[in-house]
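Here is a short report on a two-chain model. Look over the sequence and the structure first, then read on.

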Amino acid sequence: MGARFRMLPDWRVWHRVEKEWVVSEERSGANILVESLAKQGVEFVFGYPGGAVLPIYDALFGEERIRHILVRHEAGAAHAAEGYARSTGKPGVVLVTSGPGATNAMTGIADAFLDSIPLVVITGQVPTALIGSDAFQEADTVGISRHCTKHNYLVKDPADLAAVVDEAFQIATTGRPGPVLIDIPKDVQIAMAAWSDAPPQRRQRYAPRTQGASEEIEQAVEMIAGARAPILYTGGGVINSGPRATALLRELQKKTGAPVTSTLMGLGAFPADNPDWLGMLGMHGTYEANMAMNQSDLIVCVGARFDDRVTGRLDAFAPNSRKIHIDIDRSSINKTVPVDLPIIGDCAQVLEQILDVWGDRKAQDLTGWKGRIDTWRERKSLSFPANADAIMPQLAIERLFELTKDKDPIISTEVGQHQMWAAQHFHFFSPNKWLTSGGLGTMGYGLPAAIGAQLGNPDSLVIDVAGDASIQMNIQELGTATQYRLPVKIFILNNEWMGMVRQWQELTYESRYSNSYSDSLPDFVKLAEAYGWKGIRIAKESELDAGIQAMIDYPGPVIVDCCVHNEANCFPMIPSGAAHTEMILYGDTVAGTMDDEAKALV
Amino acid sequence: MMHIKHEAEERHVLTVTVDNEAGILAKIAGLFTARGYNIDSLTVADITENHAVSRITIVTHGPPSQIDQIHAQLERLVPVHKVVDLTESGPFVQRELALIKVAGMGEKRVEALRIADVFRAKPVDTSTSSFIFELTGAPDKIDTFVAIMRELGLVEVGRTGVVGMIRGAEEA
């Protein structure tokens, strides 16, 4: 090991903490890591062992403060940590080995980066002396994760570990949350360094701005008070900011009377039964939400980022509105849409500042504006045709909502049509109940996320709304739920297609269904049984309610294979390259092709 | 038919003060590639006695909205303390050092030495048939000198890239 570290058994040494000599013991890097995690209040570590993390796994052996959840694939570990984080508001912790362990986890890390989910990811690395030698299970984890983590570290001395872990948690959970990765070579896990129970000494270099400037707040209040057609456009930032932001958003809405729409990531911040709720906006948002955005004179964007799925064609996006953008990340401002008033700060703090300045002001009379919104509502953009022969997937979600809403369930999803139908037809009333991969759009997210959420919320009903294609992407995690006796439910809308791919091929490639058919599907009921789950098949509309009820009533994990209409499409829809006003609703003619400019858009 | 469109671009000089930690240069250079930004030149050296802080000068070009994003994205990196867009913040000095090797005999050799004198370029190496000139100045001065030397037997050019600083008493 050379002179760099002393690799001795438990050895008490004197060392200096702020000019005071104190006695402390030496501990291995692995031990310091586990102590540091326990100090952060970590309850669960989602991981998978391997050669380069064996010292850490040994340190976890018999550890009572931290429970290790053994997943079946490292991508599952990262998504489960995301589900835990998103549903509890606490950071998720992942532990995987070097090389393939780290690269397998990377999808979940990238997912957390785009959706601003706080994760601390510990990866093993080959011993320091072998780094760069193409050693067994070596990958440049720090290099690979550079642009999909908020920050990352390669720790080369166990004496740095306590401070690194402390800073990693601060970075992951404050400012705009995100994943932070700590790569620890195996020798650093084994080598000894001084350990003390005192908080680690480190520089405070990360201090994101959380308060809005007072002149910005006053200007915002004036703009809101003067608006005749305002709209609150809220996003995942409100959820990330914590329950206080949700409460303050509702208060601001009450005082101003402004209608509210939300991005996919922000669902739950505003209750779906409020008369001023417009539903989700964007590509598969409601007609009223998109028309109101387009026709508004003021958009107050709270913790959202004008994503391309929200704006549609940029040059036609809300052409006559002024825009206020509240965001904790300066780089979100003016990234795609130029705004009139940026306010950099934490959603809760800025909303509180706005409410303070608002005081007892009277809102404008918005009757005219709301009258116009009502005419858009009358289009009933979420309606869908009844079908006597097959279960409409939208109906299946509606029934799932009706039969579970009293239990205040947590819903996770995979990615595709079923995700959009769940966003449209399941309704949310509080934050942290809706777990979905919005930014990265990761198929295979929902099942592990549901597992993480169930661990963090043992008494909640947790349902993964899935598609037949997506669910197969992390199907191995069925075993994880079995092992830890987690009663998660999977509700598969089985249409035997990668439905969203098929829908786009129908719209833009003259129905040339290249590789979008789900051939050779497993028998999901038998698969459930093989893993010790209960399997339920719903084949007819008459079985729908009973099947859902049987799923709810069963105390353990259940897969429901809900066979739905094979060709139903997800509407309303703003086609690629179109404006908010050019929505396609059910019944419009949609088959055809598109010009290259539209095809080239994501 | 679709064709790729190009927007009007501006040249900006940015200085970035960073923690001098392993991988920070890769983080910054990688940020530019990952988000499709341009690097015209990049210089880096530590500037504190204890080697804790480095100053990076980046010359980039792009549409104004992209320059603003570059600024914001750089600030987002945890080890970055400060980003200053010199081009935005007013008059600033920019200097670059170049080594220029010229080979030739007779009249051309004399002319090269004479022009080097006009540009205040210093010969730092000489043989009977060549010079290496050291030249410091703004990038366009070096461009001009190199262009002239091309006619007089230019062999090789090495440039450091720009280092810049705001004029006046204030720290940027």
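## Salt bridges across the interface

Chain B and chain A are joined by 6 salt bridges. A salt bridge here is a side-chain nitrogen of Lys or Arg within 4 Å of a carboxyl oxygen of Asp or Glu. One of them pairs Asp329(A) with Arg76(B), with the closest N and O atoms 3.0 Å apart. Two elements of chain B, α1 (24-34) and α2 (64-76), each give two or more residues to the side that touches chain A. Helices (H or I, at least four residues) and strands (E, at least two) are DSSP runs, numbered from the N terminus. The largest share of that side comes from α2(B), with 7 residues. By type, the side of chain B that touches chain A has 8 nonpolar, 6 polar and 7 charged residues. Here Ala, Val, Leu, Ile, Met, Phe, Trp, Tyr, Cys and Pro count as nonpolar, Asp, Glu, Lys and Arg as charged, and the others, Gly among them, as polar.

The model is predicted: local features need pLDDT of at least 70, side-chain atom pairs count only at pLDDT 80 or more, and totals for chains, interfaces and linings use all residues. Residues are numbered from 1 along each chain as its sequence is written, chains are lettered from A and ligands numbered from 1 in the order written, and side-chain values use heavy atoms, without hydrogens and water.

## Contact and buried area

In the interface, 21 residues of chain B are in contact (heavy atoms within 4.5 Å) with 20 residues of chain A. The area buried between the two chains is about 1700 Å², and carbon and sulfur atoms give 49% of it. Buried area is the accessible area (1.4 Å probe) that two parts lose on being put together, summed over both. Met2(B), Arg76(B) and Val78(B) supply 35% of the area that chain B buries against chain A, more than any other three residues.

## Chain B

Chain B has 5 helices and 9 strands. Along the sequence they follow the pattern β-α-β-β-α-β-α-β-α-β-β-α-β-β. The C-alpha atoms fill a box of roughly 60 × 55 × 30 Å along the principal axes. Of the 172 residues in chain B, 40% are buried. Buried means under 20% relative accessible area, exposed over 50%, and partly exposed in between (1.4 Å probe, protein chains only).

## Salt bridges in chain A

The whole structure holds 35 salt bridges over all chains. Glu582(A) pairs with Arg313(A), with the closest N and O atoms 3.8 Å apart. Glu582(A) lies in the loop between β21 (558-563) and α22 (596-599) of chain A, and Arg313(A) in the loop between α12 (308-311) and β14 (322-327), so the pair ties together parts 269 residues apart in sequence. Glu582(A) is partly exposed, at 37% relative accessible area. Arg313(A) is also partly exposed, at 33%.

Glu402(A) and Lys405(A) form another salt bridge, at 3.0 Å between the closest N and O atoms. Salt bridges that share partners also join Asp166(A), Glu167(A), Arg202(A), Arg203(A), Arg205(A), Asp19(B) and Glu21(B) into one network.

## Annotated spans and a covered helix

UniProt (unreviewed entry) lists "domain: Thiamine pyrophosphate enzyme central" at residues 217-354 of chain A. Such annotations may be inferred rather than shown by experiment; positions use the numbering here and feature names are shortened. This span, residues 217-354 of chain A, is 37% helix and 20% strand.

Helix α17 (residues 446-456) of chain A is mostly covered, with 10 of its 11 residues buried. Among them are Leu447(A), Ile451(A) and Leu455(A).
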